[in-house]
Amino acid sequence: MLVAEIEAVAEAEGDDLLRLFGHDEAPTLAARRWLSQQVGAEEIAREIHDLEGFDEVLRRLLVTLPPEQVLSAYAPEQRVARLPPEQVLSAYAPEQRVAGLPPEQVLLALPDDVLRALSDAYLDTLSKETRAAIRARIGR
């Protein structure tokens, strides 16, 4: 059995492709290009995904790319799918959060204390659905 330290062999041989599988510096552009081509081929992609340490190699490759380039591969819905709504909305000013909503939907975005201040006469002017939602929240 022969054991070799990947980083030492990659350094001694000047092998950027081997360096992809070690823990040293970020791979060169040529090595990143090679890896992306390999991952892009379906039959090779299946095999390369099974390699031990592939996730680490991929992570090291991804951190060398600008975030905009990584995110461009995903639809906007996919980019925010795992983020809590509060985190997504905190990036926007309050008026942007409700932009484009019908007036009755904007009312539902108001805090319960503000909804309690609305008169019954005003609530009676709202649609049945909106009125029911508000009344359920404020308990009247």
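Predicted model: local features only at pLDDT ≥ 70, side-chain atom pairs only at ≥ 80, totals over all residues.
Residues are numbered from 1 along each chain as its sequence is written, and side-chain values use heavy atoms, with hydrogens and water left out.

Next, colour the chain by pLDDT, the predictor's confidence in each residue, from 0 to 100. The average is 83, and 86% of the residues score at least 70.

Switch to cartoon view. The protein chain has 13 helices and 0 strands; these are DSSP runs (helices H or I, at least four residues; strands E, at least two), numbered from the N terminus. Select residues 42-49, helix H4, which has the lowest mean pLDDT of the elements (58). Then select residues 128-138, helix H13, which has the highest (95).

Stay in helix H13 and pick Thr130. Is Thr130 buried or exposed? Thr130 counts as buried because its relative accessibility is 5%. Its side chain makes a polar contact of 3.0 Å with that of Ser127 (a pair of N or O atoms within 3.5 Å; within protein, one must be able to donate a hydrogen and the other to accept it, and residues adjacent in sequence count only if both atoms are side-chain atoms). Beyond four places in sequence, Thr130 touches Glu104 and Leu108; contact means heavy atoms within 4.5 Å.

Finish at Leu123. Leaving aside neighbours within four places in sequence, its contacts include Leu118, Ile134 and Ile138.

Terms used:
Buried < 20%, exposed > 50% of the residue type's maximum accessible area, 1.4 Å probe, protein only.
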